[in-house]
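Dear colleague,

Here is the structure for your files. My notes on it follow below the display.

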Amino acid sequence: MAFDYDSENIFAKILRGEIPNRTVYENEHALAFEDIRPQAPVHVLVIPKGPYMSLDHFAQEASPEEQAGFFAAVGEVCRKVDVSHGFRAIANARLHGVQDVPHFHLHIIGGAQLGRMLPAD
Ligand code: 5GP
């Protein structure tokens with residue numbers, strides 16, 4: 001599919017410094033910051049600095065350097081926050097995934113026991 005990035009989304013504004021954020025970690029290719037409405041004691045969003053709207057967009061079109069930088073940031077975040085007992089990483093995408101902000105972001109959620117990801121049958 002063709003990916004159509006909207007540069008007025010809220011995370012693009014955070015990356016441009018137009019909206020403040022509570023930064024957890026930053027490198028050349030990624031920024032990690034606290035979610036404004038945390039779902040658990042740890043709730044960090046890791047985003048690439050490039051204009052990618054979703055995980056599949058990022059995986060298909062980001063350079064190897066951007067992808068490595070992004071996952072290095074994920075690793076550093078997991079080192080910095082307390083997820084020693086585990087965590088959940090979520091990437092919502094588009095309509096069926098109920099993605100609200102159309103800039104790829106990985107939620108790192110933990111610091112407490114979570115429920116099952118999807119209701120059991
Ligand atoms: P999505 O539903 O797109 O996967 O998740 C978007 C996330 O972004 C939500 O968890 C929401 O709380 C968070 N969020 C929305 N606006 C802001 C903001 O301005 N700052 C921060 N730090 N998080 C935001």
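**Overall picture**

Of the 121 residues in the protein, 38% are buried. Please keep in mind that this is a predicted model. The mean pLDDT of the protein is 96, and 98% of the residues score at least 70. By element, confidence is lowest in helix α4 (residues 94-97), where the mean is 96, and highest in strand β3 (residues 42-48), at 99.

**Fold and dimensions**

Four helices and five strands make up the secondary structure of the protein. Starting at the N terminus, their order is α-β-β-β-α-α-β-α-β. The radius of gyration is 14 Å, close to the 14 Å that the globule rule gives for 121 residues, so the protein is as compact as a globular protein of that length. The C-alpha trace spans about 35 × 35 × 30 Å along its principal axes.

Contacts were also sorted by sequence separation. Taking those between residues at least 6 apart in sequence, 56% join residues at least 24 apart.

**Surface and charge**

On the charged side chains, the count is 10 positive and 16 negative. The centres of these two sets lie 7 Å apart.

Most residues other than glycine have a negative phi. Two exceptions are listed here. R94, which is not a glycine, has a positive phi of about 50°. R94 lies in helix α4 and is partly exposed, with a relative accessible area of 30%. The other residue is V98, also not a glycine, with a positive phi near 55°. V98 sits in the loop between α4 and β5 (106-110). With a relative accessible area of 58%, V98 is exposed. Helix α4, which holds R94, is also the element in which confidence is lowest, though its mean is still given as 96.

**A residue in strand β5**

Is I109 buried or exposed? I109 belongs to strand β5, and its relative accessible area is 9%, under the 20% cut-off, so I109 counts as buried. Which residues does I109 touch, not counting residues up to four places away in sequence? They are A40, V42, H43, F87, R88, I90 and L114. For one of these, H43, the separations were also computed: I109 and H43 are 66 residues apart in sequence, while their C-alpha atoms are 4.5 Å apart in space.

Regards

Definitions and conventions
Residues numbered from 1 in each chain as written. Predicted model: local features only at pLDDT ≥ 70, side-chain atom pairs only at ≥ 80, totals over all residues. Heavy atoms only, no water. Helix = DSSP H or I, 4+ residues; strand = E, 2+ residues; numbered from the N terminus. Rg over C-alpha atoms; globule rule 2.2 N^0.38 Å. Buried < 20%, exposed > 50% of the residue type's maximum accessible area, 1.4 Å probe, protein only. Contact = heavy atoms within 4.5 Å. Lys, Arg positive; Asp, Glu negative; His and termini not counted. Charge placed at Lys NZ, Arg CZ, Asp CG, Glu CD. pLDDT = per-residue confidence, 0-100.
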